[in-house]
Amino acid sequence: MRRTVLALLLAGALSAPAMAANTLPPMFDDLQERTFRYFWETANPANGLVPDRYPTPSFSSVAAVGFGLTAYPIGVERGYVTRAQARERTLTTLRFFRNAPQGDARTGMSGHKGFFYHFLDMKTGQRYGNVELSTIDTALFLAGALFAQSYFDREEADEVEIRRLAAEIYARVDWKWAAANAPAVSLGWRPEEGFIKYDWKGYNEAMLLYVLALGSPKLEHALGPEAWKAWTSTYERSWAAPYDRPHLAFPSLFVHQYSHVWIDFRGIRDGYMQGKGFDYFENSRRATYAQRDYALANPLKCKGYGADVWGLTASDGPVDKTFEWQGQQIPFRSYAARGMGGLRHYDDCTLAPTAAAGALPFAPEITIPAVVAMKERYGDFLYGRYGFLDAFNPSFAFNTKLQHGRVVPGKGWVAGDYLGIDQGPILAMTENHRNDFVWRIMRTNPAIRTGLIRAGFTGGWLEK
C-alpha cells in the first residue's frame, strides 16, 4: 500500500472500521476487472480521452475521463495494472488537459475559463459539434483529477508532475464566471449564445460541483458559503416521502450516486441535513430502497421487476416510439433519464445494472442480490467483455427499427453499448464498499475538505 495504516490513522483519514474489508460474491471480482478494462482498453493512449460509449464509434465524454482517472488507481490496488502503467496513463491524460486549447472561439477549442466541453473529439480533443461547455461534466472530470493528485503521492518526478498538473487544472477553473446568476452556477455555456438559462438548483448531482467551487484555492475563482446556502435553499422542492421513506428525492439513481463516488458523506452534515436529522449517505440509502419498493409495486406491470431486479437511472433505451403495453400507451425512449417519483418520473420498463451496482455501499443487503440476479437471469446476453451492457428491457419485444441495441427472442431488448459514465460508478462504488478506497484517498484532499467546511459541513471525519 502507498500509505502506511499508521500514517492514515494519524492523519485522521482512516477509521478502524474502514480498515476491515467487506466481502462480496466472487462475481464482483470479475465484474470489477471487466469494468476497469473498459477505461483501460478503450481510452486513446495518446491523450487519455475515454469514449462516451463502446463499441459504437463515439466522441469522448469529459465526465467519463474523470471516471477513468478514478479507475486507474483502483486497477493498481486490485492488481490489474502496475503503478507505473497507471501513472503513465494518468500523466498522459493530465498533460493533455493542461495543454488543451482554451478560449471563446466556436471551433478548435477544448474549453474556456478552465471548464471543458461536454464532448470532445477522441483524436483532437477539441469541441465536438456544438455541444455546451458543461459545468457538471467538468466537475466530474476534476474529481478524477483530484483523486489522482492524492493517490500519486510519491516524490518521484512523474508523480510530482501529476500533482502539479491536477492542481493547475483545478485552480484555473473560474467558478465565479460560471455563476452568471450569482451565486448559482449555470448548467453551461456556448460561444454562439452565452450561458444556458438554467442554473443548478434543487437537489441533484451538482452537490459535487458546489463543493469543488467552494474549495478552489484561488479566491478570485472560488464561490463563497452563500452559494451553498442558495443551493440548499432550493431543496424543499425535492423533499418527498415515496413509500414512506422521507428524503431529498430525484427519480434517477445516478443523482444519488455521482457525488458520493468521491465524497464520503457518512457522518457529516451541512445545515440543511442537520435540520432533517440524517446525512446525505442515509438520504441515498433511502432513495435506493424506494427504487426497490417501486419495482415491487410495479405500476406498469413490467416484466422482470421485483425484489431482486430493479434500478432506474439515465441510460440507453430501445427507440423513441410509443407502443401499447398492458393496455397503456407507453412512450419508449432511446437515451433518457429514467426514474420513479417526482416531477420528472419516467419509466418504460428499461432497467440499468449501474443503478443497483452504483448504490452498493448504501444498501448492500438489497443491491448485492440485485446485481447477482441480473447476471444469473440475463447474463447470457447482458454481460460481456466489459461487464454489464448499459441497459435491458425484458418487456420490449416490438418489431420495429431500433435506435440502440437489439431484441433477443424471448428475452426482450438489450443495449449494444457500454457507457463510460455508467461503468464508472460500478467500479468505484464497488471498491468503496469493499474498503472505502476512493473515500479514504479523497478525505486527504485539501480541495474536498475545504469545500465541505466552507459549505458548513461538520462532524465525522472532518473533525478528526
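Visitor: How much space lies in the largest pocket?
Guide: In this predicted model, the largest pocket holds about 1,200 Å³ of space.

Visitor: Which residues are the closest to its centre?
Guide: The pocket is lined by 47 residues, and those closest to its centre are E205, F250, F254, A337 and R344.

Visitor: And which elements give two or more residues to the lining?
Guide: Those elements are α5 (135–151), β9 (239–240), α12 (280–297), β14 (336–337) and α15 (420–435).

Visitor: Where does the largest share come from?
Guide: Helix α5 supplies the largest share of the lining, with 3 residues.

Visitor: How do the lining residues divide into nonpolar, polar and charged?
Guide: The lining of the largest pocket comprises 25 nonpolar, 12 polar and 10 charged residues.

Visitor: Changing topic to the helices: at what angle do α3 and α4 cross?
Guide: The axes of α3 (residues 62–78) and α4 (residues 83–99) cross at roughly 160° and come within 8 Å. Because angles over 145 degrees count as roughly antiparallel, α3 is roughly antiparallel to α4.

Visitor: Is that crossing left-handed or right-handed?
Guide: The α3 and α4 crossing is left-handed.

Visitor: Which residues make the contact?
Guide: Helix α3 contributes V65, L69, Y72 and V76, while α4 contributes R83, A86, R89, T90, T93, L94 and F97.

Visitor: What is the division into nonpolar, polar and charged there?
Guide: In the contact of α3 with α4, 7 residues are nonpolar, 2 are polar and 2 are charged.

How values were computed:
Residues are numbered from 1 along each chain as its sequence is written. This is a predicted model: local features need pLDDT of at least 70, side-chain atom pairs count only at pLDDT 80 or more; totals for chains, interfaces and linings use all residues. Side-chain values use heavy atoms; hydrogens and water are left out. Axes are lines fitted to C-alpha atoms, for helices over the stretch in contact, and angles run from 0 to 180 degrees between N-to-C directions. Helices (H or I, at least four residues) and strands (E, at least two) are DSSP runs, numbered from the N terminus. Angles under 35 degrees count as roughly parallel, over 145 as roughly antiparallel, 65 to 115 as roughly perpendicular and the rest as oblique. A crossing is left-handed if the near helix is turned anticlockwise from the far one by less than a right angle, and right-handed if clockwise. Contact means heavy atoms within 4.5 Å. Ala, Val, Leu, Ile, Met, Phe, Trp, Tyr, Cys and Pro count as nonpolar, Asp, Glu, Lys and Arg as charged, and the others, Gly among them, as polar. On a 1 Å grid over the protein atoms alone, a cavity is a set of points where a 1.4 Å probe fits but cannot get out, and a pocket is an open set with protein on both sides within 12 Å along at least five of seven lines; lining residues have an atom within 4 Å of a point. Grid points are joined across faces, edges and corners, and a volume is the space filled by probe spheres set on the points.
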